[in-house]
Amino acid sequence: MASQQLRAQDLPPSPGEESHDWQRQFEGSWELGRRGVPLPSNPDWRALCERKPFERNLLQSPNPEGVNISEPAPPCSPNSPRVPLESLGNFSGWVISTEALPPKGGGGKPGSVAPRFSWCVKQQRVDLLAEGLWEMLLDSYQPNITVMDWYEDSRLAETVYQLHVRLLAADGQTSLQEFHHEDPKDGVSQEKRNWCHVSHVFRDYGPGVRYVHFQHKTLDAETPGGFCRTRATDSSISVQLRD
């Protein structure tokens, strides 16, 4: 009977119709047509919508220690020993290493023990295609790639922080464009509560970019009064479409 038959509007959408719905949602959300963005070839539109590749932080664990830049960085505890960095928070996604620095001779009081300095090196490599971007977008349109970071003005030495970011080709090694920052010679945005802000936008970087390698170095010091660190937080890599 007709009353027992499913009406057309009661039927589930076909795979093709569902894909078009996701495509319309994705294109509409980011206004791809107005911006002249080339579309990907044979994409999974639903996956693109769920990944949200634009204006999202692509780094893992951007604030591994849970510190708040609206508050002063936690002070060094007296007589605190060096402990594995991984024990202080969630550092998933970060490759961590230590670079010992040569001792600085002279300048200290007779009989005093000079601090031993080292760089704490944390780095990640972001696969842009895996994060939902596509080759034609990166090669032809070349959206802006923005990097930002915050670090503590620990004043352990004249230079307590470095940032090195490289845009890499498909082999994951060849550098196509780079940004390097070392305080204080490159200047920073000095904020309240002893946090400093660094940012850079990559534009017109040319075709071939597939990865972003992010590395920052923060200064540590072993002193007679304990182990002191320079903290970094709210690190980010994001991709923006141009208006």
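**Aromatic pairs, core and strand pairing in a predicted model**

Both Trp94 and Phe214 are buried, a term that denotes under 20% relative accessible area, with exposed meaning over 50% and partly exposed the range in between (1.4 Å probe, protein chains only). The structure is a predicted model, in which local features need pLDDT of at least 70 and side-chain atom pairs count only at pLDDT 80 or more, while totals for chains, interfaces and linings use all residues. Residues are numbered from 1 along each chain as its sequence is written, and side-chain values use heavy atoms, with hydrogens and water left out.

Seven aromatic pairs are found in a search of the whole structure. Rings of Phe, Tyr and Trp (its six-membered ring) are paired if their centres lie within 6.5 Å; planes under 30 degrees apart count as stacked, over 60 as edge-to-face and the rest as tilted. The ring centres of Phe54 and Trp134 are 6.1 Å apart and their planes stand at 75 degrees, so this pair is edge-to-face. Phe54 lies in the loop between α3 (45-51) and β1 (95-100), and Trp134 in the loop between β2 and α4 (135-141), so the pair ties together parts 80 residues apart in sequence. Helices (H or I, at least four residues) and strands (E, at least two) are DSSP runs, numbered from the N terminus. Phe54 and Trp134 are buried. Trp94 and Phe214 also form an edge-to-face aromatic pair, with 6.0 Å from centre to centre and 65 degrees between the planes. This pair links distant parts of the chain, since Trp94 is in the loop between α3 and β1 and Phe214 is in strand β8 (residues 211-223), 120 residues apart. One aromatic cluster is formed by Phe26, Trp30, Trp45, Phe54 and Trp134.

The largest nonpolar core has 46 residues, and those with the most contacts inside it are Phe26, Phe54, Leu128 and Ile145. The largest share of this core, five residues, comes from strand β2 (residues 116-127). Such a core is a set of buried Ala, Val, Leu, Ile, Met, Phe, Trp, Tyr and Cys residues joined through side-chain atoms within 4.5 Å. Beyond residues up to four places away in sequence, Leu128 touches Leu58, Leu133, Leu138, Ile145, Val209, Arg210, Tyr211 and Val212; contact here means heavy atoms within 4.5 Å.

Ile145 stands opposite Val239 in β10. Strand β3 (residues 144-152) and β10 run antiparallel and are joined by seven bridges, where pairing requires that DSSP finds at least two bridges between two strands. Strand β10 (residues 232-240) is mostly covered, with eight of its nine residues buried. Strands β4 (residues 161-168) and β5 (residues 175-182) likewise pair in the antiparallel sense over seven bridges, and Val165 has Phe179 in β5 as its bridge partner. Six residues separate β4 and β5 in a hairpin, and Gly172 in the turn has a positive phi of about 75 degrees.

Ser154 is found in the loop between β3 and β4 and counts as buried at 16% relative accessibility. Its side chain makes a polar contact with that of Thr230 (2.6 Å), a polar contact being a pair of N or O atoms within 3.5 Å; within protein, one must be able to donate a hydrogen and the other to accept it, and residues adjacent in sequence count only if both atoms are side-chain atoms.

No disulfide is found in a search of the whole structure, the criterion being a pair of cysteine sulfur atoms within 2.5 Å. The sulfur of Cys76 is 3.0 Å from the closest cysteine sulfur, in Cys228, which is too far for a bond. Cys76 counts as partly exposed at 32% relative accessibility, whereas Cys228 counts as buried at 15%.
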